[in-house]
Amino acid sequence: MTAFSALRDSWYFFSRHLPAIALLSLPLITLEALLEAFIEAHTAKAEPSLYSLLANLLFYPLYSAALILFLDARSRGEHPHTLALWSGALRLWPRFALLTGLNVLLFMLGFAAYVLPGVWLMVKLGFSEYLLTLRGHSPLTAIRDSFLLSRGHFWTIALCIALALAPVWALDWLFGLWLGDDPAPLLAVLTTVISGFFQLFSGVVLFRLFMQLERPPAPPH
């Protein structure tokens with residue numbers, strides 16, 4: 001599978017299931033954005049980043065795991081109820097939150113050692129969430145097996161991530177120009193929710209790659 005075919009198929013799925021994905025993830029993304037705005041409004045300027053990270057650790061595992069469970073169910077032709085997906089994500093939350101914390105720590109160490117190590121880690125860890133959610137791996141095993149699964153496919157994965165996130169980065173830049181340095185709280189929350197929602201598209205792309213790379217090759221005829 002090429003990067004462009006993965007993006008094309010993923011966009012078709014994302015746009016076709018947009019209402020279901022929105023119903024599944026927007027409530028949690030909105031709660032996360034509201035909590036981050038509350039934290040920013042009630043903490044000193046030097047402190048919000050740490051508390052915002054904790055808010056992200058609270059909600060991100062829930063809507064990300066729910067999306068992965070939704071993608072897996074739809075790939076098998078099933079139509080899961082939103083509440084069932086949230087329930088499944090809640091059961092996974094302790095391990096998923098730990099994995100998220102480990103990934104964030106690795107990203108921070110990678111980007112602290114200049115940009116390229118951070119980008120490399122972002123690509124190599126790209127499948128860890130799917131291995132934990134769908135294959136029942138522990139956080140450390142998911143990280144190890146993500147490194148193994150991505151071996152030999154670095155540039156395809158990197159290109160898919162960059163192309164999937166490029167519109168979101170452009171949107172964030174435009175929002176920054178529009179809102180300025182001191183945006184109205186409601187507009188700041190709204191733009192954060194919009195940006196967070198469309199970042200989910202990269203998760204659909206990575207799921208597509210994950211399923212293709214994990215699938216064993218067909219035996220010769």
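A residue counts as buried when its relative accessible area is under 20%. Ser-150, at 1% relative accessibility, therefore counts as buried in this predicted model.

**Figure 1. The loop between α7 and α8 around Ser-150.**
Ser-150 occupies the loop that joins α7 (139-149) to α8 (154-179). With a relative accessibility of 1%, Ser-150 is buried. Apart from neighbours within four places in sequence, Ser-150 is in contact with Lys-124, Phe-127 and Ile-157.

**Figure 2. Overall view of the protein chain, an arrangement of nine helices and zero strands.**
From the N terminus on, the order of elements is α-α-α-α-α-α-α-α-α. The chain has a radius of gyration of 18 Å, close to the 17 Å given by the globule rule for 221 residues, and is therefore as compact as a globular protein of that length. The C-alpha trace spans about 65 × 40 × 35 Å along its principal axes. Of the 221 residues, 43% are buried. Among contacts with a separation of 6 or more, 73% are between residues 24 or more positions apart. The accessible surface of the chain is about 12,400 Å², and carbon and sulfur atoms account for 70% of that surface. The chain carries 13 positive and 13 negative charges, whose mean positions are 15 Å apart.

Just after α6, Gly-136 adopts a positive phi of about 75°. Ser-128 is touched by Asn-103, while Tyr-130 and Leu-134 are both in contact with Phe-207.

**Figure 3. Asn-103 in helix α4.**
Asn-103 is a residue of helix α4 and is buried, its relative accessible area being 5%. When residues up to four places away in sequence are not counted, Asn-103 touches Leu-125, Ser-128 and Ile-143.

**Figure 4. Phe-207 in helix α9.**
Phe-207 is part of helix α9 and, at 8% relative accessibility, is buried. Neighbours within four places in sequence aside, the residues in contact with Phe-207 are Leu-71, Asp-72, Ser-75, Tyr-130 and Leu-134. Leu-140 lies 67 residues from Phe-207 in sequence, and the C-alpha atoms of the two residues are 19 Å apart in space.

**Figure 5. Aromatic pairing between helices α1 and α9, one part of a search that finds 14 aromatic pairs in the whole structure.**
The rings of Phe-14 and Phe-198 form a tilted pair, with 6.5 Å from centre to centre and 50° between the planes. Phe-14 belongs to helix α1 (residues 3-16) and Phe-198 to helix α9 (residues 185-214), so the pair ties together parts that are 184 residues apart in sequence. Phe-14 is buried, with a relative accessible area of 0%, whereas Phe-198 is partly exposed at 33% relative accessibility. Both rings belong to a cluster in which ring pairs link Trp-11, Phe-14, Phe-197, Phe-198 and Phe-201.

**Figure 6. The aromatic pair formed by Tyr-60 and Phe-96.**
The ring centres of Tyr-60 and Phe-96 are 6.3 Å apart and their planes lie at 70°, so the pair is edge-to-face. Distant parts of the chain are linked by this pair, since Tyr-60 is in helix α3 (residues 48-75) and Phe-96 in helix α4 (residues 82-112), 36 residues apart. Tyr-60 is partly exposed, with a relative accessibility of 21%. Phe-96, in contrast, is buried at 0% relative accessibility.

**Figure 7. Ala-166 in helix α8.**
Ala-166 lies in helix α8 and is partly exposed at 33% relative accessibility. Between Ala-166 and Gln-199 there are 9.7 Å in space from C-alpha to C-alpha, and the two residues are 33 residues apart in sequence.

Terms used:
Residues are numbered from 1 along each chain as its sequence is written. This is a predicted model: local features need pLDDT of at least 70, side-chain atom pairs count only at pLDDT 80 or more; totals for chains, interfaces and linings use all residues. Side-chain values use heavy atoms; hydrogens and water are left out. Helices (H or I, at least four residues) and strands (E, at least two) are DSSP runs, numbered from the N terminus. The radius of gyration is taken over C-alpha atoms; the globule rule is 2.2 Å times the number of residues to the power 0.38. Buried means under 20% relative accessible area, exposed over 50%, partly exposed in between (1.4 Å probe, protein chains only). Contact means heavy atoms within 4.5 Å. Accessible areas come from the Shrake-Rupley method with a 1.4 Å probe; for residues, only the protein chains shown count as cover. Lys and Arg count as positive and Asp and Glu as negative; His and the chain ends are not counted. The place of a charge is taken as NZ of Lys, CZ of Arg, CG of Asp or CD of Glu. Rings of Phe, Tyr and Trp (its six-membered ring) pair if their centres lie within 6.5 Å; planes under 30 degrees apart count as stacked, over 60 as edge-to-face and the rest as tilted.
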